[in-house]
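Hi,

Here is the structure for you to open at your end.

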Amino acid sequence: MLATKNPGKIKEITKILKNTKIQLLSHKDIKIPEVDETGMTFVENALLKARSSSDVTGLPSIADDSGLEVDFLKARPGVKSARYSGE
């Protein structure tokens, strides 16, 4: 289970797995509740999403989290990249 709704990420991972026998499912295939990204790091947020997906589906799950870290801004906005300038 790929814990994402991001079509680009789904396409990327599908391409990586194309020569395997792994059947990739994503949030596109199975409705998964949104997860509050309360982690302090990208890794913590990815773990929150993967664990939630695995708990709901009973399947092994992977996830990622990303954002921008600007040296001049002391690594901000970081995990708050999507919300940095407001909703």
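First, a term you'll need: a residue is called buried when its relative accessible area is under 20%, exposed when over 50%, and partly exposed in between, using a 1.4 Å probe and protein chains only. Bear in mind that this is a predicted model, where local features need a pLDDT of at least 70 and side-chain atom pairs count only at pLDDT 80 or more, while totals for chains, interfaces and linings use all residues. Numbering starts from 1 along each chain as its sequence is written, and side-chain values use heavy atoms, with hydrogens and water left out.

On confidence: pLDDT is the predictor's own score for each residue, from 0 to 100. The protein chain averages 86, with 89% of its residues at 70 or more. Helix α2 (residues 42-57) has the highest mean, 94, and strand β2 (residues 76-77) the lowest, 66.

Now the overall layout. The protein chain has 2 helices and 2 strands, in the order α-α-β-β from the N terminus. Those are DSSP runs numbered from the N terminus: helices are H or I with at least four residues, strands are E with at least two. Of the 87 residues in the protein chain, 26% are buried. Taking a contact as heavy atoms within 4.5 Å, 41% of the protein chain's contacts with a separation of 6 or more join residues 24 or more positions apart.

Next, two residues in the segment before α1 (7-16): T4 and N6. Is T4 buried or exposed? T4 counts as buried because its relative accessibility is 11%. Leaving aside residues up to four places away in sequence, T4 touches K9, I10, S26, H27 and K28. N6, by contrast, is partly exposed, at 40% relative accessible area. From N6 to K28 is 22 residues in sequence, with 8.7 Å between their C-alphas.

Last, the second largest pocket. Its lining includes M1, L2, I13 and L17, along with L59, P60, S61 and I62. By class, that lining has 10 nonpolar residues, 2 polar and no charged ones. Nonpolar here covers Ala, Val, Leu, Ile, Met, Phe, Trp, Tyr, Cys and Pro; charged is Asp, Glu, Lys and Arg; the others, Gly among them, are polar. On a 1 Å grid over the protein atoms alone, a pocket is an open set of points with protein on both sides within 12 Å along at least five of seven lines, and lining residues have an atom within 4 Å of a point.

Cheers

How values were computed:
1 Å grid on protein atoms, 1.4 Å probe; cavity = no way out; pocket = protein on both sides within 12 Å on 5 of 7 lines; lining within 4 Å.
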